[in-house]
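Here are some notes for a first look at this structure. Please read them with the model open beside you.

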Amino acid sequence: MRRSELTGGDGAWAGLELEVTGRPRPRLCPYVAEGGRLVVRRGDGAPVLLARVEDDECGVDVLRTGRHRSPLPPPRADEARQRGGDAARWAHRCADALAAAPDSPLHDGRWALRSSTRFQRWGPELAPVLDRWRERLVTGDPDGYLDWFRFNGAGEILPLRAWPEAADARVKAYRKQARDGTLPPVLLWWFSGLDAHLVLDGHARLVAALAEEREPAVLELTRLAPPDEAARDSAAAVTSYTAEMARFRTLRAAHGDRVPDGAALMGPVLARALHTARTGHRPTWAWPLPGGAATWDRWAREVLAGWEGLPG
């Protein structure tokens with residue numbers, strides 16, 4: 001797996017670009033079946049998450065199986081102290097782990113692993129930061145619900161295992177790191193088919209950060225456009241820019257300096273379009289589920305039967 005640094009518009013480090021080869025299908029793999037059914041399966045074939053889009057398409061019913069395995073090794077306390085809040089060092093650690101993990105969503109193509117600002121764009125003027133985080137955590141165990149109507153594309157945060165309690169021993173340990181400013185970031189996978197972030201690693205760290213009234217540090221894994229698609233989008237952006245500049249020249253020739261300078265207006269538009277073509281996220285890939293709806297329904301019945309059979 002090749003990797004390179006991503007930078008933001010200000011030139012500061014923004015993440016890693018990962019180029020994956022030799023993996024035509026991921027080891028943590030999404031499958032789809034008729035009737036809006038979706039399942040995420042581990043590398044050994046065990047289902048981790050079952051989901052079904054409602055008929056009115058206002059949301060998704062989800063069901064966790066309790067079989068999720070984090071693709072990352074648990075961060076040691078001394079490692080957390082050494083890395084501190086260095087997002088770049090944590091990103092390289094995550095990239096190494098994702099490349100070697102038996103349950104990783106990576107497959108052939110280009111990916112971004114970046115320190116996400118998506119959650120900061122939820123808008124501090126709308127609600128306090130921590131409240132905005134909490135309202136997007138999908139609760140319920142083993143079942144839950146993604147409310148597309150309520151959030152209108154904002155994206156909720158869906159755990160792949162039950163959220164631990166604030167009194168959990170792991171959460172207590174992480175709460176001290178949150179107070180010290182050494183809490184490792186949470187790893188989220190942007191899953192376009194659910195319009196949600198799946199928590200790949202860091203369930204307890206996320207709960208600990210919120211319990212300490214701290215905004216969690218986040219690394220977000222997203223799929224990028226393949227090179228040919230990125231080149232095509234870049235060429236289209238340049239073509240549009242050229243056409244707009246020709247239009248401005250015509251208008252300025254007819255009306256003089258009353259017409260704004262086209263370069264000043266369209267230059268930033270071109271820069272944003274070229275940046276998006278290279279680093280904008282692309283839809284999550286999924287594969288047809290062997291056995292289709294019948295397989296999905298059987299797994300759902302088994303999960304619910306096992307849950308209902310547990311002692312109260």
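Predicted model: local features only at pLDDT ≥ 70, side-chain atom pairs only at ≥ 80, totals over all residues.

1. Strand S1 covers residues 2–7, and strand S2 covers residues 13–20. The two run antiparallel and are joined by six bridges.

2. Now follow the chain through the turn. S1 and S2 form a hairpin, with five residues between them. Glycine 11 lies in that turn and has a positive phi of about 85°.

3. S2 has a further pairing, with strand S7 (residues 109–115). Six bridges join S2 to S7, and the two run antiparallel. Here valine 20 has glycine 109 in S7 as its bridge partner.

4. Turn to the open sheet. Six strands form it, in the order S8-S6-S5-S4-S3-S14, and the pairing is mixed. Which strands stand at the edges? They are S8 (143–147) and S14 (287–288). Each has a single partner strand, so one side of each is left without a neighbour in the sheet.

5. The S14 end deserves a look. Strand S3 (residues 29–33) and S14 run parallel and are joined by two bridges. Across this pair, tyrosine 31 stands opposite tryptophan 287 in S14.

6. Next, the helices. Helix H7 spans residues 227–255 and helix H8 spans residues 262–279. They pack at an angle of about 170°, with their axes 9 Å apart. An angle over 145 degrees counts as roughly antiparallel, so H7 is roughly antiparallel to H8.

7. What does this helix contact consist of, by class? It has 13 nonpolar, three polar and two charged residues. On the H7 side, the residues include Ala230, Val238, Tyr241, Met245 and Phe248. Those in H8 include Leu265, Met266, Leu270 and Leu274.

8. Last, valine 186. Where is it placed? It belongs to strand S10 (residues 186–191). Is valine 186 buried or exposed? Its relative accessible area is 2%. Buried means under 20%, so valine 186 is buried.

9. Check the surroundings of valine 186 too. Beyond its neighbours within four places in sequence, valine 186 is in contact with residues including Val199, Asp201, Leu206, Ala217 and Leu219. Arg205 is also among these contacts. Valine 186 and arginine 205 are 19 residues apart in sequence, but 6.8 Å apart in space, C-alpha to C-alpha.

Conventions
Residues numbered from 1 in each chain as written. Heavy atoms only, no water. Helix = DSSP H or I, 4+ residues; strand = E, 2+ residues; numbered from the N terminus. Buried < 20%, exposed > 50% of the residue type's maximum accessible area, 1.4 Å probe, protein only. Contact = heavy atoms within 4.5 Å. Axes fitted to C-alpha atoms, helices over the stretch in contact; angles between N-to-C directions. Parallel < 35°, antiparallel > 145°, perpendicular 65-115°, else oblique. Nonpolar A, V, L, I, M, F, W, Y, C, P; charged D, E, K, R; others polar. Pairing = 2+ DSSP bridges.
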